[in-house]
Amino acid sequence: MFKAVVSTQSTGAEQRANAKVAEAKKKKQKRLKEAKEEAKKEIQAFKNKMDFDFQEKMAKSQGYGEDYSAQIDKQSEADSKKLDASLAANEDKVVAWLIDLVSDIKPEVHQNYATVGFA
């Protein structure tokens, strides 16, 4: 009789222990699945942020954007004004220099012609 009670109690204890182990395994699997889902969400959010940052940098570096085009327009306008001012200041000097070069002709024998011995 004692053996039957002990046997029944040990079998019941084993069943409860097995149930607790099975429950712990299920909880562990559930936690792992949740952690995996959370990690996937974080990875996707990181990828989206990096992609957005990359697209933004590419747009700025390639000149797509109102700020960049406005900056280029301002720079072009400033360069144009500098060139116009330089032209106005130096036009007479350059024209006079070119006229002097064209009108001051010095007849000389070319150095290749002179080395052949015809001169």
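Helices here are DSSP runs of H or I with at least four residues, strands are runs of E with at least two, and both are numbered from the N terminus. This is a predicted model, in which local features need pLDDT of at least 70 and side-chain atom pairs count only at pLDDT 80 or more, while totals for chains, interfaces and linings use all residues. Residues are numbered from 1 along each chain as its sequence is written, and side-chain values use heavy atoms, with hydrogens and water left out.

Stay with this pair and display the side chains: E23 forms a salt bridge with K27, and their closest N and O atoms are 3.6 Å apart. The term salt bridge requires a side-chain nitrogen of Lys or Arg within 4 Å of a carboxyl oxygen of Asp or Glu. E23 is partly exposed at a relative accessible area of 43%, and K27 is partly exposed at 47%, where buried means under 20% relative accessible area, exposed over 50%, and partly exposed in between (1.4 Å probe, protein chains only).

Next, select K49 and D53, which are also in helix 1, four residues apart and separated by about one helical turn. K49 forms a salt bridge with D53, with the closest N and O atoms 3.1 Å apart; K49 has a relative accessible area of 48%, whereas D53 has one of 23%. The structure holds two salt bridges.

Now move to helix 2 (residues 66-103), and centre the view on L98, a partly exposed residue with a relative accessible area of 43%. Which residues form the nonpolar patch on the surface? They are V94, W97, L98, L101 and V102, with about 520 Å² of accessible area together. Such patches consist of residues with over 30% relative accessible area and no salt bridge, like charges being joined within 9 Å and nonpolar side chains (Val, Leu, Ile, Met, Phe, Trp, Tyr) within 5 Å.

Finally, show the whole protein chain, which has three helices and zero strands, and in which buried residues make up 2% of the 119 residues. Colour the chain by pLDDT, the predictor's confidence in each residue, from 0 to 100: the mean is 85, and 86% of residues reach 70 or more. Confidence is highest in helix 2, at 90, and lowest in helix 3 (residues 111-116), at a mean of 73.

Terms used: Accessible areas come from the Shrake-Rupley method with a 1.4 Å probe; for residues, only the protein chains shown count as cover.
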